[in-house]
Amino acid sequence: MAEMISIIIPNRNGEATIGKCLEAAFASRFEPFEVIVVDDCSGDRSVDIIKRFPCRLIQLERHSGAARARNVGAQESRGDILFFTDADCLMQEDTLSAVARAFAEEGPGAVVGGSYTRIPHDKGFFSIFQSVFINYSETKRPENPDYIATHAMAIDAGLFRRQGGFDERFLPILEDVEFSHRLRKAGVRFVMRPEVLVQHIFNFSMLRSLRNALRKSTYWTVYSLGHRDVLADSGTAGAALKTNVAAFFLSAFIAGAALAAGEAGLLWLILAPLGANLAASGGLLRAFGSAGGWMFGLLAGAYYMGVYPLAVGLGAVAGTVKYFGQLKKYRSLPPDHPSPPLDLSPPPSPSPLKGEGFGFGDR
């Protein structure tokens, strides 16, 4: 008999997507599996929608964040394998079968990751852009991914509990990155399986796309500064994106300086950062074209190189200010003072998950 897979879904005001998410989960052709939804004090109709499905619903007593919700779901699960996904993600009919095959080949000592389908549930330009960008970034190194994202993370239940689960004191996002890096230090193997896919619901406009980039960049910067890996080639915050941002701002500086000096002939210097950017981003630009055709590829490439890096760069600035401001506040606290909301120090080695505490304090 196949090992049982527990699908764990945190939900927070997800009434627009949770119904589609659960419909997709229960359409799985794999057996056996269970679905556990942990509602993080939603104020919308989410709970009413969830109750229509034959899943286990756990309602947190107070808003605690996605990390806490995932940990509680893991604690209450009965499966041999835990599959984490999100309330705005649609599993494919063969997603769990792909997970089971991966575990049969890799063994329980590996964490198996997946990604988004290239084409999302909603077919708008900015949604497709985002889905292609994430799929390409997360699957470009399948044999050695830097992290496994919780929109499609499969892990042996025993391994998850022994490693302490997600840090509930952590940033409001990126708990999966911290967890992955902690597991890597413990010698756990990561495997990215491109066939393990979920379809995301973005509903992105240009404004939502840029706001998402700004927010993600802000917290990536806080995390990277705290862990001294700012230049790491890490998934969606990879070397190509960092080159893209650097090329954008360097080009803007060259153009501004040339025009201010009345030396328009110096604008040709922009070709250097542009060439470096094209070389670094070539794989992603080809992925845009492959997913949406040459016209989409041209427009997506223009957006990626000419607009998107502005939001990412501003987020990096905001994250730097946030990090050093929080660090200054943190260092001024007495030694016995509780950690601030943005815990900038490396977390202690967590204890194995057991009981209500999971080895972490509430956020």
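Which residues does Asn277 touch, not counting residues up to four places away in sequence? I looked this up: Ala240, Thr243, Asn244, Ala247 and Met305. Contact here means heavy atoms within 4.5 Å.

**Ground rules.** I am reading a predicted model, where local features need pLDDT of at least 70, side-chain atom pairs count only at pLDDT 80 or more, and totals for chains, interfaces and linings use all residues. Residues are numbered from 1 along each chain as its sequence is written, and side-chain values use heavy atoms, with hydrogens and water left out.

**Confidence.** I checked pLDDT, the predictor's confidence in each residue, from 0 to 100. The protein averages 90, and 90% of the residues score at least 70. I marked residues 337-363, where pLDDT stays under 50. The model has 72 contacts beyond four places in sequence for that stretch. Where pLDDT is low, the predicted coordinates should not be read in detail.

**Overall counts.** I find 11 helices and eight strands. These are DSSP runs, numbered from the N terminus: helices are H or I with at least four residues, strands are E with at least two. Of the 363 residues, 53% count as buried. Buried means under 20% relative accessible area, exposed over 50%, and partly exposed in between (1.4 Å probe, protein chains only). Among contacts with a separation of 6 or more, 76% come from residues 24 or more positions apart. The protein exposes about 16,200 Å², and carbon and sulfur atoms supply 59% of it. Those areas come from the Shrake-Rupley method with a 1.4 Å probe; for residues, only the protein chains shown count as cover.

**Asn277, continued.** I place Asn277 in helix H10. Asn277 is buried, at 3% relative accessible area. I also took its C-alpha to C-alpha distance to Phe248: 8.7 Å, for a pair 29 residues apart in sequence.

**Nonpolar patch.** Leu266, Trp268, Leu269, Leu271, Leu274 and Leu278 form a nonpolar patch on the surface. Together they have about 570 Å² of accessible area. Patch members need over 30% relative accessible area and no salt bridge; like charges are joined within 9 Å, nonpolar side chains (Val, Leu, Ile, Met, Phe, Trp, Tyr) within 5 Å. I find Leu266 in the loop between helix H9 (239-260) and helix H10 (271-306). Leu266 is partly exposed, at 38%.

**Helix H8.** I looked at Ser217 in helix H8 (residues 206-227). Is Ser217 buried or exposed? Ser217 is buried, with a relative accessible area of 9%. Ser217 touches Val312, Gly315 and Ala316, leaving out residues up to four places away in sequence. Other buried residues in H8 include Tyr219, Trp220 and Tyr223. Arg228 follows H8 and has a positive phi, near 55°.

**Helix H5.** H5 is mostly covered, with 13 of its 15 residues buried.

**Backbone notes.** I noted a cis peptide bond between Glu31 and Pro32, with omega about 0°. Pro32 sits in the loop between helix H1 (18-26) and strand E2 (33-39). Leu174 has a positive phi, near 75°, and is not a glycine. Leu174 lies in the loop between helix H6 (157-162) and helix H7 (175-185). Leu174 is buried, at 8%.

**Salt bridges.** I have 14 salt bridges in the structure. The criterion is a side-chain nitrogen of Lys or Arg within 4 Å of a carboxyl oxygen of Asp or Glu. Glu168 and Arg68 meet in one (3.5 Å, N to O). Glu168 is in the loop between H6 and H7 and Arg68 in helix H3 (residues 66-75), so the pair ties together parts 100 residues apart in sequence. Both Glu168 and Arg68 are buried.

I then turned to Arg193. It bridges to Glu105, with the closest N and O atoms 3.0 Å apart. That pair links strand E8 (residues 189-200) to helix H4 (residues 95-106), 88 residues apart. Arg193 is buried, at 12%, while Glu105 is exposed, at 55%. Arg193 also bridges to Glu106, at 3.8 Å between the closest N and O atoms. Glu105, Glu106, Arg189, Arg193 and Glu195 are linked in a network of salt bridges.
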